[in-house]
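Q: I would like to learn how to read salt bridges in a protein model. Could we start with the general idea and then turn to the case shown here?

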Amino acid sequence: MATIVDVAQLAGVSISTVSHVVNGTRPVADRTRKRVLKAIEQTGYRQDTLARSLRRARTDSIGLVVSDAGQPTFADMVRGVEHEAAQAGYTLLLAHSGEDPAQEARSVQALAARRVDGLIVAPAARSTGGETEAVRRGGTPVVILDRIGEPGGGDQVGVDNTTPMRELVEHLLGHGHGTVALAAGDLAVSTMAERHRGYTQALRAAGIDPDPELVITGSGLAGETRLSALRILSGEQRPEAVACASTETAVGVMEAAAEIGLSIPRDLKLAVFDGFPQSDLFEPRLTTVVQPAFAVGVTAMTLLLRRVNGDTSEAGETIRLTPRVIYRTSCGCTTP
């Protein structure tokens, strides 16, 4: 395997000159730089990144743990993180927790063992965050993504979940739909709990007592949601509208409605938090709360880079971006 010494001898320059060309640490005359690059090509020299990272005490890598990067919103957040990381010269190492706190802990441990320069974590449902906090206390910068808590802890980035859901339910009630159900998903997930809070706030503001029988909880997966939705939508007191707290719960509700022959929006009005890519292609067109997911990822990485580059202030920063509601025909609106 070619070494930096081989390159220096072939190019007729010093080892330090080769190092400056490879690392960009000092300007090198154009003619000399071309000789070094030609020698690198001829010898097949590859820099030993591990040895370099040990010398610099940095690996130029960032760890990211999410529950499922296949979900459209998480996928956009991952893209945002990766875009900002690449711009700063960092490689992204991605791991999935699968909503399993034990798997989350293992992923965090594995990434920390690889000496990542920083860590971004979207906590799994029912995660204690113990391993993540241990890594942070050990000196590795950490940013919590999406599923954030109250301000006052470490750095965290997410969106306002409560206000948009409240606005969504108020909009459904404003159409004259007096009975609105919620496909809430797993309330152990902070984002789902916040959206449930927005739902109950809207009902109470309208003088309606929330009915637990109209709230679908559980794993939040489409299959389980479908079974619960079948029970609610087949009952004598069928709700006039359903607000769905996630893409997965929306799939379950739409499957249940189709199974029992309910047409959206003729028989059942529907609104979705997150929704689907290209929602305008659905029939009916889906009223959707759209998260600035890519921007959330970019912001999380920006916060992390600030820490990686030496910000040691104790106060963590909590940033909530604002989603937007796009009203279409599935909620009963007659025009997109």
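This is a predicted model: local features need pLDDT of at least 70, side-chain atom pairs count only at pLDDT 80 or more; totals for chains, interfaces and linings use all residues.

A: A salt bridge is a side-chain nitrogen of Lys or Arg within 4 Å of a carboxyl oxygen of Asp or Glu.

Q: Which residue forms a salt bridge with Arg307?

A: The partner is Asp155, and the closest N and O atoms of the two residues are 2.7 Å apart. This pair links distant parts of the chain, since Arg307 belongs to helix H12 (residues 293–308) and Asp155 to strand E5 (residues 155–159), 152 residues apart.

Q: Are Arg307 and Asp155 buried or exposed?

A: Buried means under 20% relative accessible area. Arg307 has 13%, so Arg307 is buried, and Asp155, at 5%, therefore counts as buried too.

Q: Which residues are linked with Arg307 in a network of salt bridges?

A: The network links Asp155, Arg306, Arg307, Asp311 and Glu317.

Q: Where do Arg166 and Glu170 lie?

A: Both lie in helix H8 (residues 162–174), four residues apart, which is about one turn of the helix, and their side chains meet in a salt bridge at 4.0 Å, N to O. Arg166 is partly exposed, with a relative accessible area of 25%, and Glu170 is partly exposed at 36%.

Q: What do the side chains of Arg195 and Asp274 form?

A: They meet in a salt bridge, 3.9 Å from N to O. Arg195 lies in helix H9 (residues 190–205) and Asp274 in the loop between strands E9 and E10, so the pair ties together parts that are 79 residues apart in sequence. Arg195 is buried at 1% relative accessibility, and Asp274 is buried at 17%.

Technical notes: Residues are numbered from 1 along each chain as its sequence is written. Side-chain values use heavy atoms; hydrogens and water are left out. Helices (H or I, at least four residues) and strands (E, at least two) are DSSP runs, numbered from the N terminus. Buried means under 20% relative accessible area, exposed over 50%, partly exposed in between (1.4 Å probe, protein chains only).
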